[in-house]
Amino acid sequence: RTISTSSCLELIRAGPRGRHVVAAIPPAAPSSNPPVHVKVADEAVCVGPAPTSKSYLNMDAIMNAIKQTGAQAVHPGYGFLSENKEFAKRLAAEGVTFIGPDTHAIQAMGDKIESKLIAKAAKVNTIPGFDGVVKDAKEAVKIAGEIGYPVMIKASAGGGGKGMRIAWNDEETSDMGFFLSGHISDICANGFCWCLQVLADKHGNALWLNERECSIQRRNQKVVEEAPSTFLDPDTRRAMGEQAVSLANAVKYSSAGTVEFLVDSKKNFYFLEMNTRLQVEHPITECITGLDLVQQMIRIAKGYKLQHKQSDIPINGWAVESRVYAEDPYKSFGLPSIGRLSQYQEPLDLPNVRVDSGIQEGSDISIYYDPMISKLVTYGKTREEALKKMEDALDNYVIRGVTHNIPLLREIIVHPRFVSGVISTKFLPEVYPDGFKGHMLTAGERRELLATAAALYVAAQLRSQKFLGDLSRQWELCVELDKSVHMLGVSRSGNNYTVEIDGEKVEVSGEWNLASALLPITINGKHRTLQCLLRTAAGEISLQYLGTSFKLRVLSKLAASLSKHMPEKVPEDTSSILRSPMPGSVVAVSVKPGDNVAEGQEICVIEAMKMQNSMTAAKTAKVKSVHCKAGDTVGEGDLLVELE
Amino acid sequence: MVIFLTKTHQFPKGGLCSPPRERIEKKRKAALTGGGQLRIAAQHKRGKLTARERLELLLDPDSFVECDMFVEHRCSDFGMEADHNKYPGDSVVTGQGRINGRLVYVFSQDFTVFGGSLSGAHAQKVCKIMDQAMMVGAPVIGLNDSGGARIQEGVESLAGYADIFLRNVMASGVVPQISLIMGPCAGGAVYSPALTDFTFMVKDTSYLFITGPDVVKSVTNEDVTQEELGGAKTHTTVSGVAHRAFENDVDALLNLRDFFNFLPLSNKDPAPVTECHDPRDRPVPGLDTIVPFESTKAYDMLDIVHGVLDEREFFEIMPNYAKNIVVGFARMNGRTVGIVGNQPKVASGCLDINSSVKGARFVRFCDAFNIPIITFVDVPGFLPGTAQEYGGIIRHGAKLLYAFAEATIPKITVITRKAYGGAYDVMSSKHLRGDVNYAWPSAEVAVMGAKGAVQIIFRGKENQAEAEAEYVEKFANPFPAAVRGFVDDIIQPSTTRKRICRDLEVLASKKQTNPWKKHANIPL
């Protein structure tokens with residue numbers, strides 16, 4: 001029996017191998033509403049209430065679950081207790097196998113300072129910088145000044161993107177007072193982040209399974225990953241791989257692990273940290289090497305020797321992973337959103353597409369967990385093929401009920417800079433300095449979009465006219481998109497719509513109907529998959545096109561001409577009200593009614609999904625009323641504070 | 001028929017027809033411009049369309065056939081008899097036309113002529129088309145934009161209102177009647193919309209009240225704005241007088257076209273069926289997980305409703321009033337159905353005065369016009385308390401009970417979770433002639449929740465928790481109802497759509513009649 005505290009993916013893959021798998025669940029997912037991994041598992045145990053601190057992070061609860069089910073092993077998944085040495089210790093004491101490295105390696109690599117010292121000793125390139133505990137903000141500023149900005153400051157314990165901050169000047173450095181027991185290092189302003197997958201058994205054998213390019217990040221969390229990297233040549237790859245293996249050997253590492261390197265534009269690479277667990281993006285390594293990492297981890301945990309030699313590890317083709325998140329990409333490249341997946345359809349009918357998810361239609365995305373919906377992985381013989389496949393996969397992915405980041409993902413993978421392989425950790429802020437604004441339509445694309453909306457409108461009108469014997473054949477429509485209005489002429493025969501836009505003819509055809517979530521259409525001979533997100537009686541049509549959702553309004557010529565008389569609605573004055581930009585909980589409220597606040601002053605802090613957001617005043621004013629207090633749970637758009 | 005041919009040379013040059021034809025054209029032209037270009041411009045400036053523009057948008061192109069274009073008012077007091085005070089057609093445009101090919105009678109009050117005020121002639125025009133609509137069996141849509149009675153005409157105007165009211169009542173249950181309030185509608189005028197089946201409003205530009213803010217101030221000394229007293233928000237959220245509000249004239253008229261598609265033309269017509277692309281046997285996997293395990297936890301009934309319907313399309317009636325019950329029109333496999341559902345998200349989905357009345361009126365409309373009703377039940381009971389008891393929850397709750405009981409249209413009921421106490425009986429239960437009653441596995445049909453029940457049955461008993469568990473085991477599940485045949489089947493939630501579509505087909509030929517009576521006596 002194996003207990004898994006992670007999402008369903010590992011279970012799906014461990015299960016068929018004849019193992020009895022137990023899923024650990026919190027009652028946020030009650031038995032009447034089981035998450036997918038519970039269905040896949042043979043058995044489920046409840047480990048506590050929804051906040052992760054009380055369930056997946058609650059060691060006592062998990063130890064109880066182990067006793068209750070008589071499990072012989074625990075797979076800790078990606079986060080939670082996967083890098084917790086205490087947990088590994090307690091398991092060892094109970095004689096339960098921890099599917100992962102031993103306590104020593106977790107401890108050594110978990111401490112940022114110790115890990116760097118070990119790395120240095122193992123002749124691994126380390127970043128020039130200060131490795132030690134910084135006393136206070138003053139010292140931090142001093143050291144940072146010596147190294148030269150920008151610098152990276154890291155809390156000595158804390159994994160992934162957590163506890164890692166980049167400072168560009170003295171002020172920012174001293175602001176990071178809460179990272180006092182940190183470590184400061186130089187970073188390349190436009191660095192790359194590469195992760196070397198290693199696999200080591202308990203007999204001193206270790207392999208490197210090539211790199212993963214993980215530079216596309218927002219808030220230090222990865223968004224798009226690929227393997228292999230476009231930038232890495234075989235020599236550098238080998239050098240990095242060998243250093244990674246020697247580090248693994250140095251800490252007597254066993255199981256799968258990842259060595260993260262920062263690389264500058266001159267291909268100098270520096271050890272950043274080692275993650276002593278399976279990483280979220282491991283599927284792309286599996287795609288190009290053909291190795292099943294979870295299976296390997298279980299084998300290693302059982303004490304088997306590695307089956308492969310370094311020369312057996314290939315790079316076959318190219319794999320890309322997009323992390324599909326329930327978040328709004330138009331707000332800081334992604335603020336969490338919650339909701340119920342009213343419709344959900346993974347693009348699994350496409351070949352070479354893998355979707356690792358733990359949710360299904362009807363699932364609730366709550367504030368208690370990471371907002372990740374799925375890992376969407378596509379594979380191709382070449383990078384181009386893998387990326388093209390990713391475009392199709394994103395277009396064919398139906399997610400309704402929560403805001404998701406497909407618009408951003410779809411834009412990244414077709415962006416010329418990404419396509420050419422010039423990727424860095426600053427990709428997003430550099431490419432979208434004013435924030436992500438969605439897909440910018442070319443004239444041709446605009447026509448395609450208008451034509452599709454017109455065809456949809458006509459199809460709906462025609463269906464309403466089924467009462468009539470004689471159906472209209474010609475339509476004069478007025479379509480509004482981003483405040484500009486286009487006059488369109490539409491004629492239809494069978495499933496073909498001919499749309500005339502500004503003298504140009506666009507042919508729209510295809511086997512679709514008004515009920516289908518996907519619109520597989522052919523526009524002027526080109527195949528496109530769009531999605532109709534909304535269609536109202538008043539002519540509003542929302543279409544997801546090239547990833548981005550566009551709002552259009554289609555009206556008959558008459559309705560459009562009469563619309564000019566309609567009064568303009570005065571939008572709500574938003575400068576004097578502060579609303580929550582996302583669902584979450586209120587951490588602190590720094591004002592009370594009657595206080596005077598300056599523009600930009602912090603009013604309150606909202607936390608959601610491991611992220612704190614400082615809410616500031618939009619103008620200098622007196623606080624009229626406060627509608628929240630610390631500890632409150634708020635929804636997106638909830639009124640927090642009113643100014644006068 | 002004998003046709004007498006006469007020699008044209010016997011008539012003055014140009015023909016005898018010439019002067020009248022000119023007059024006809026002149027009058028026709030005058031009728032088409034209503035109160036004149038200045039007033040039309042003023043109407044546009046207020047963000048409102050003219051009476052004729054509204055009809056043009058509401059009806060299919062070139063389908064409007066006008067009636068009584070030459071009718072003029074007959075008032076001879078206060079200088080009204082003067083030529084410049086006569087407008088052909090007076091202050092209303094009437095006639096018939098088509099919406100997506102289906103016949104509808106319409107009247108559209110013209111605010112540019114005497115502020116759309118109601119004269120004897122105006123009323124007579126409206127009555128004429130209403131009489132015809134009832135004879136041929138077609139709905140009546142009124143577009144209201146009127147300052148009220150034509151004061152110059154005195155009692156003639158009042159008589160006109162009453163004539164319309166009478167016809168509203170006579171047409172009630174015979175043809176659907178819809179009012180769209182697109183401007184002021186005050187005083188006696190409000191009772192015509194109130195008597196019709198549905199009243200819609202336009203936000204910011206329409207008002208409904210018995211007396212305006214000035215009179216309110218002088219009588220009760222209350223300070224209130226027009227908008228607060230009788231605007232769209234007030235009537236769709238507080239008073240429940242209007243069934244929905246739309247952004248502006250264009251939005252409202254386009255939505256009205258859409259709404260019209262749901263309705264049968266008369267009580268002799270079956271519920272309309274349109275082409276349906278959504279597979280009738282489509283499984284809805286999300287429904288298997290929607291009901292939370294804890295019976296105190298809320299969920300959104302609209303998620304269930306949307307999931308089951310064709311294309312998730314739901315025309316909700318009174319979406320912002322008495323939100324603890326959800327009612328509206330939708331289609332199942334192309335056929336119009338009425339949806340009634342308790343909303344656990346609001347006040348636990350309990351029945352109170354407002355939700356009972358809202359539900360009852362909707363059910364009665366559906367029954368009158370052969371629209372099958374699908375009821376989704378998750379109801380913890382009637383809302384207790386003095387406010388409700390003093391307000392007459394017994395009397396009002398009885399309306400919903402009455403409506404479900406007397407209805408003879410196909411009635412399909414799905415108990416999704418709680419069906420407690422008297423509210424279980426009310427919500428289209430088997431005992432009130434429900435045709436098909438389903439329970440989901442999460443259903444609990446019982447007199448009350450476990451906690452309350454245990455306190456009564458095991459009063460004074462030590463181990464309340466144990467007793468509660470026993471009660472839950474016995475009653476908090478669908479079996480007690482299923483073994484007695486009070487529910488026909490316990491179904492997998494994801495199959496709900498498929499089951500309902502199949503049942504509707506079977507029940508399409510359902511025939512059931514109530515005993516002869518002059519009329520029933522619903523507890524008003």
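Helices (H or I, at least four residues) and strands (E, at least two) are DSSP runs, numbered from the N terminus. This is a predicted model: local features need pLDDT of at least 70, side-chain atom pairs count only at pLDDT 80 or more, and totals for chains, interfaces and linings use all residues. Residues are numbered from 1 along each chain as its sequence is written.

Start with the cavities. On a 1 Å grid over the protein atoms alone, a cavity is a set of points where a 1.4 Å probe fits but cannot get out, and lining residues have an atom within 4 Å of a point. The count comes to eight cavities of 30 Å³ or more.

Among the residues lining the largest cavity are Phe107(B), Asn144(B), Tyr161(B) and Ser192(B). Strand 3 (102-109) and helix 5 (155-171) of chain B each give two or more residues to this lining. Helix 5 of chain B has the largest share, three residues. By class, the lining has seven nonpolar, three polar and no charged residues.

Now turn to a helix pair. Helix 16 (residues 450-457) and helix 17 (residues 464-475) of chain B pack at about 115°, with their axes 9 Å apart. Axes are lines fitted to C-alpha atoms, for helices over the stretch in contact, and angles run from 0 to 180 degrees between N-to-C directions. Contact means heavy atoms within 4.5 Å. Helix 16 of chain B contributes residues including Ala450(B) and Val454(B), and helix 17 of chain B contributes residues including Ala467(B) and Tyr471(B).

Conventions
Chains lettered and ligands numbered in written order. Heavy atoms only, no water. 1 Å grid on protein atoms, 1.4 Å probe; cavity = no way out; pocket = protein on both sides within 12 Å on 5 of 7 lines; lining within 4 Å. Points joined across faces, edges and corners; volume = space filled by probe spheres on them. Nonpolar A, V, L, I, M, F, W, Y, C, P; charged D, E, K, R; others polar.
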